[in-house]
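Subject: Structure for your review

Dear colleague,

Please find below the structure that I promised to hand over. My notes on it follow directly after.

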Amino acid sequence: MPAKKRQNDPATGKKNKKEKRGELAVINSDLRDEAVQKSMRDAWQRKESNILLDCEPFPHCQITRFLQSESFVESLQAELLQLNFNSKSNDLYKFQQSDDLGERKEDHISQIRSVIFGEFRVWLSEVLQVDLEATVDISCAKYEHTDVLLCHDDELEGRRVAFILYLVPPWEVKDGGTLDLFSTDEHCQPVSVVKSLLPCWNSLVFFEVSPVSFHQVAEVLSEEKCRLSLSGWFHGPSLPRPSRYIEPPVPRHTHIPRDESLLFEWVNEMYLDPRYQARVQQEFEESSEICLATFLQEKFLKMDYGRADMQSVPSCVQECWELLSSESFFILLSNLTGLRLHYLCGDEDESENEDGKSETENRGGEGNTQASASNTDADTSTTEKKDKGPPTCVGELRRWMHGDYTLLHDSVKREYALDLQLHMGCAGWKSEFGGFTSYIAHDEDEELLTVYPEDNSLALVYRDKDTLKFIKHINNSSSSQLSSQNTAAFYDFSFNYYE
């Protein structure tokens with residue numbers, strides 16, 4: 001009597017052995033075609049583009065059907081969605097990531113790991129003529145509404161080829177989340193997006209990691225779809241890297257001579273009262289930061305900030321710039337903070353206290369935990385301040401829109417400074433929009449202080465050498481708030497003052 005064929009049990013969804021065999025992780029057989037491999041190899045080595053490999057702006061390839069079995073890909077996706085994901089957020093990104101998958105024992109995860117770092121690694125090594133190591137370096141990332149990974153080059157010691165396997169639902173440009181590739185300038189710095197790759201189900205992108213491999217994951221705009229992917233790096237001999245480019249610093253200047261009537265005309269009279277200034281100074285010296293609400297008089301809150309070129313801005317914006325750079329404002333800041341930003345101020349700070357240290361030195365002492373990452377070198381800082389010459393400042397008028405952000409830079413000179421931010425046009429701003437200033441300790445993830453945009457509020461923060469700052473990416477959620485005010489942006493004056 002012939003054996004009966006086993007059928008899928010409709011109740012349990014169990015599959016027969018034949019179908020299970022069809023779920024093996026096998027790369028697309030087209031990739032084994034010698035003509036395909038030769039064409040890709042020639043293009044990679046010559047750094048020229050062809051139908052499979054595109055070398056502009058840097059060598060990359062998108063394989064539209066990576067795995068042979070669709071049912072395997074579906075099961076892999078389901079398995080990955082069962083993982084525990086950790087929310088990750090800093091100056092560069094906001095998304096969810098699994099732990100490293102190098103040791104996972106789940107059936108489909110272990111299979112795909114073996115295929116990528118086994119069969120596919122061998123294939124890629126032959127095609128690219130690069131000796132890639134069998135190092136397991138792979139994780140799963142999940143991007144949802146407003147998640148983003150900003151521009152970076154992926155370069156770390158040993159990384160040679162990056163890859164991303166997409167496990168996404170049908171995806172459209174309007175959903176965001178594209179893999180954007182950047183052009184670079186003569187200093188190997190990113191300039192602009194020149195190509196965007198749309199995530200596709202069961203497609204794999206790989207690209208060469210180099211000093212110019214700048215890319216980003218654009219913000220996910222869809223509120224319903226999840227951008228799920230497996231990603232990692234093949235390790236091998238790194239490409240030569242040029243010397244790090246350091247942008248020339250913006251010139252600083254001492255205060256500019258302006259009549260003190262400018263101060264009385266612009267600033268809320270409350271902050272010109274010496275008794276109130278003393279209260280503000282006491283609070284500032286305890287915490288090294290303060291926000292002064294309704295700082296400017298109401299009549300100046302309707303300024304037109306449309307352009308940041310100080311040679312062509314409206315006169316009222318030019319006047320505000322001159323106010324923040326004026327001698328009288330340097331004196332006001334000295335009275336509000338206790339810092340010596342003018343030779344007429346700070347006599348008390350120069351006097352020795354019982355411990356033989358000045359009040360300025362003691363600002364780094366007990367109680368100053370918010371914006372100071374280090375308080376052990378006060379004597380050195382005082383000596384440096386005496387050698388620096390007259391107090392100076394540098395400032396800019398900034399426009400903030402959806403998609404704007406700043407990043408941390410190790411190359412930026414770290415020194416003591418008083419940071420000033422005066423926000424305009426951001427009434428009703430919410431923290432989930434981004435756009436806030438985050439202060440963190442150098443080489444640590446610890447956030448020391450967050451300054452949120454607040455309309456007509458003057459934020460003052462005294463920053464030490466081991467404290468860095470960045471502006472968090474402004475996401476799409478902000479658009480409705482800005483449009484409700486008939487604008488696409490808000491603005492701030494950002495100044496740094498140095499004793």
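The number of disulfides comes to zero, where a disulfide is a pair of cysteine sulfur atoms within 2.5 Å. In general, a disulfide is a covalent bond between the sulfur atoms of two cysteines. Please note that this is a predicted model, in which local features need pLDDT of at least 70 and side-chain atom pairs count only at pLDDT 80 or more, while totals for chains, interfaces and linings use all residues. Residues are numbered from 1 along each chain as its sequence is written, and side-chain values use heavy atoms, with hydrogens and water left out.

Cys426 is buried, at 2% relative accessible area, whereas Cys188 is partly exposed, at 21%. Here buried means under 20% relative accessible area, exposed means over 50%, and partly exposed lies in between (1.4 Å probe, protein chains only).

Strand β20 covers residues 490-498. Helices (H or I, at least four residues) and strands (E, at least two) are DSSP runs, numbered from the N terminus. Nine of the nine residues of β20 are buried, so the strand is largely enclosed by the rest of the structure. In a regular strand the side chains alternate between the two faces of the sheet. In β20, Phe490, Asp492, Ser494, Asn496 and Tyr498 point one way, and Tyr491, Phe493, Phe495 and Tyr497 point the other way.

Which strands pair with β20? Strand β14 (residues 392-400) runs antiparallel to β20 and is joined to it by nine bridges; two strands pair if DSSP finds at least two bridges between them. Within β20, Phe490 stands opposite Trp400. Strand β15 (residues 417-424) also pairs with β20 in the antiparallel sense, over seven bridges, and Leu422 has Phe493 as its bridge partner in β20.

Helix α3 (residues 70-81) has 12 residues, which should span 16 Å at 1.5 Å a residue; its end C-alpha atoms are 17 Å apart, which agrees. The expected span is 1.5 Å times one less than the number of residues. The buried residues of α3 are Phe72, Val73, Ser75, Leu76, Glu79 and Leu80. Seen down the helix axis, they fall within an arc of 165°, so they line one face of α3; the arc is that of the directions from the helix axis to the C-beta atoms. These buried residues pack against β3 (85-89), α4, β5, β7 (159-166) and β12 (227-235).

The largest nonpolar core has 43 residues, and Phe66, Leu80, Phe120 and Phe206 have the most contacts inside it. A nonpolar core is a set of buried Ala, Val, Leu, Ile, Met, Phe, Trp, Tyr and Cys residues joined through side-chain atoms within 4.5 Å. Helix α4 gives the most to this core, with 10 residues. Neighbours within four places in sequence aside, Leu80 is in contact (heavy atoms within 4.5 Å) with Phe85, Leu101, Ile109, Cys140, Leu167, Leu228 and Leu230. Another core, of 41 residues, lies apart from the largest one and includes Leu263, Phe300, Phe495 and Tyr497.

Some backbone details remain. A cis peptide bond, with omega of about 5°, joins Glu56 and Pro57, and Pro57 is in the loop between β1 (53-54) and β2 (60-63). Thr146, which is not a glycine, has a positive phi near 75°; this residue lies in the loop between β5 and β6 (148-152) and is buried, at 8% relative accessibility.

With kind regards
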